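Biologist: I'm new to this one. Please put it on screen, and then we'll go through it bit by bit.

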Amino acid sequence: MKILVVAATELEVKGLLKEPAETGVPHRLFDVSENSVDVLITGVGAVPTAFCLARFVEDYDFIINVGIAGSYSSNISINQVVVVDWDCFGDYGIDNNGHFISLSEVGLADASSNVNNLSNPWLKKNDIPEYLVKVKGITLGTASGSEQSIGKIKQLWNPDIETMESAAVFYVCLLLNKPFICLRAISNFVELRDKSKWRIKEALDNLNTEVIKFISSRIEII
């Protein structure tokens, strides 16, 4: 079996790498039994992620998207690793005189790959450890960092976490019928932007540990 770990930046998988990884090209991470695990660094954002993943996804049996995320929920703590169960492209829509309308609401989203409503069917068929909480995600082109933008997102989508790539992984894998999972570690709360409060290193240490545990424990049934 061939597994591909997908991350936006090298930093997010630095704890797994034996040597620097070039963006846009799969690199071997390690082998487990008769299975190989590669990593693909895509670059930040949904478009680079979709492009890079689409180029190589057919060469792999299972996709693991990893990275950091911001939390909207007080029930999800800093450094916690979560599993994205549902996601959407939260800024794909129409500004109707200050009122946001999603593409699905105006009939511009393909029913088979609705960009405003993406869920992971693999999670419905397979068990994961209980401590890996399933969350509702939102993917944005601009990371939220003001009261105005945060308030709109909460009102429109009420997400648990925010990323800049996860929905792209959902979109590509769903269209190409490829099993996948998105693991995200919480580095900060989504609030007025203040990087002094972020805990990126601690979140990534936990994330890399969980990725290895997940691969080691699930390898026979993925």
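Biologist: What separates K201 and D205 in helix α5, counted in helical turns?

Modeller: The two residues form a salt bridge, with their closest N and O atoms 3.0 Å apart. By salt bridge I mean a side-chain nitrogen of Lys or Arg within 4 Å of a carboxyl oxygen of Asp or Glu. Helices are DSSP runs of H or I with at least four residues, strands are runs of E with at least two, and both are numbered from the N terminus. Because K201 and D205 sit four residues apart in α5 (residues 200-218), their separation is about one helical turn.

Biologist: What kind of model is this, and which pLDDT must side-chain atom pairs have to count?

Modeller: Residues are numbered from 1 along each chain as its sequence is written, and side-chain values use heavy atoms, leaving out hydrogens and water. This is a predicted model, where totals for chains, interfaces and linings use all residues and local features need pLDDT of at least 70, while side-chain atom pairs count only at pLDDT 80 or more.

Biologist: Back to that pair. What relative accessible area does D205 have?

Modeller: A residue is buried under 20% relative accessible area, exposed over 50% and partly exposed in between (1.4 Å probe, protein chains only). K201 counts as exposed, because its relative accessibility is 60%. D205 is partly exposed, because its value is 40%.

Biologist: What is the N to O distance in the salt bridge of E165 and R184?

Modeller: Both E165 and R184 are buried. Their side chains meet with an N to O distance of 3.3 Å.

Biologist: And how many residues apart are E165 and R184?

Modeller: E165 lies in the loop between β10 (161-163) and α4 (166-175), while R184 belongs to strand β11 (residues 180-189). The pair links distant parts of the chain, 19 residues apart.

Biologist: Which residues have the most contacts inside the largest nonpolar core?

Modeller: A nonpolar core is a set of buried Ala, Val, Leu, Ile, Met, Phe, Trp, Tyr and Cys residues joined through side-chain atoms within 4.5 Å. The largest one here has 30 residues, and those with the most contacts are V5, V13, I64, V66, I181 and L183.

Biologist: Which element supplies the largest share of this core?

Modeller: Elements that each give at least two residues include β1 (2-7), β4 (62-71), α2 (121-125) and β11. The largest share is six residues, and they come from α5.

Biologist: How many residues are in the other core, the one with V6 and F89?

Modeller: That core lies apart from the largest one. V6, I63, A69 and F89 are among its members, and its size is 29 residues.

Biologist: Which residues does G67 contact, leaving aside neighbours within four places in sequence?

Modeller: G67 is found in strand β4, and it counts as buried because its relative accessibility is 0%. L183, in turn, touches G67 as well as residues such as I64, V66 and F214. With contact meaning heavy atoms within 4.5 Å, the partners of G67 are E12, L183, R184, A185 and L207.

Biologist: On α3, which residues are exposed on the other side from the buried ones?

Modeller: I150, I153 and W157 are buried in α3. They share one side because they cover an arc of only 70°, taken from the directions from the helix axis to the C-beta atoms. Their cover includes β5, β7 and β9 (134-139). Exposed on the other side are E147, Q148 and Q155.

Biologist: Which residue with a positive phi follows α3?

Modeller: Most residues other than glycine have a negative phi. N177, in the loop between α4 and β11, has a positive one near 55°. The residue following α3, with phi near 50°, is N158.
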